[in-house]
Amino acid sequence: MTPKTTASAQPAHLGFAGLGVMGEPICRNILLKSGAPMQVFDLSAAPVARLVGHGARAAQSVAAMAAEVDILFLSLPGGAQVEKVVRDEILPAGKAGLLVVDMSTSPVGLSRELSEALQEKGMRFADAPVARTRQAAEDGTLSIMVGGADADVALIHPLLAHAATDITHCGPVGCGQVVKILNNMVLFETVVALSEALSLGRAAGVDNALLLDTLAKGSADSFALRNHGMKAMLPDVFPTGAFPTDYALKDVSYALALASLTGFRAHGAELAKARMEKAQEAGLGDAYFPALIRVMDRA
């Protein structure tokens, strides 16, 4: 079902900014499956051209889209980019009633600040960060965690369903980011634990493949073990173009900011951050973040 915005039953006019590794396939799935008119914008011309080939219309800028569309999706590298786009382009140019949907991973406090700023201009905001892999984005099988008002979430749910098999309304604005940030925090800490297990097991004379296979048959089994462990850490393959150390470091910093905001100390996240910083210093900033196993300490 395509959401309606007027009594004339016209489909919502959509915009999508940020056509990177995750944004392009998400946008393509929404475009092809919804049948709604879609404008797109990215600093890179190639993904724009591909989506125009699927029927989208290229926009001149985010501001130009914000002045015309009903729902504007953002899929940007992080909070700094989201804040710049919202403050410099959407707030000055966005039309009244515009719903901005941030599918990036952004700090919780920032999401709530931007929501308030948009409300003052007659616009609305929802956070809808995504989880799972690049292949899941291609296949339309992501998990999306949404924070926003009930009516706004109900409006965008059918659109998000074209890109995801699991959509969870986590609460008011910012709560989608809370759940996504904690999801990533647990993943990062698990990858650190796997790096320790693999390094200790190898040092003690146990074959790494046998170790992970056996752990997968017991209570230590996890998504991280089967994907990050078996597919990257075991073969020691950490390509660029996957989720890099630099991005993971940004996200774990958001988890620590959330801990500070709520008055807790997240010791596991602190360890993950330190391990990622060491990997970054070793020249692994662009490498797939499980590469942190290469910087394990020896006594």
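Predicted model: local features only at pLDDT ≥ 70, side-chain atom pairs only at ≥ 80, totals over all residues.
Colleague: At what angle do helix 4 and helix 5 pack?

Modeller: Helix 4 (residues 79-93) and helix 5 (residues 108-120) pack at about 5°, and their axes are 11 Å apart. The two helices are therefore roughly parallel to each other, given that angles under 35 degrees count as such.

Colleague: Which residues make the contact?

Modeller: Helix 4 contributes Gly 79, Val 82, Glu 83, Val 86, Arg 87, Ile 90 and Leu 91, while helix 5 contributes Leu 110, Glu 113, Leu 114, Ala 117 and Leu 118. By class, eight of these residues are nonpolar, one is polar and three are charged.

Colleague: What does Arg 87 pair with in helix 5?

Modeller: Arg 87 meets Glu 113 in a salt bridge, at 4.0 Å from N to O. That pair links distant parts of the chain, 26 residues apart. Arg 87 also bridges to Glu 83, with the closest N and O atoms 3.0 Å apart. Glu 83 and Arg 87 both lie in helix 4, four residues apart, which is about one turn of the helix.

Colleague: Turning to the whole structure, how many salt bridges are found?

Modeller: The search finds 17. One of them joins Asp 236 and Arg 294, with the closest N and O atoms 3.1 Å apart. Asp 236 lies in the loop between helix 10 and helix 11, and Arg 294 in the segment after helix 12, so this pair ties together parts 58 residues apart in sequence.

Definitions and conventions:
Residues numbered from 1 in each chain as written. Heavy atoms only, no water. Axes fitted to C-alpha atoms, helices over the stretch in contact; angles between N-to-C directions. Parallel < 35°, antiparallel > 145°, perpendicular 65-115°, else oblique. Contact = heavy atoms within 4.5 Å. Nonpolar A, V, L, I, M, F, W, Y, C, P; charged D, E, K, R; others polar. Salt bridge = Lys/Arg side-chain N within 4 Å of Asp/Glu carboxyl O.
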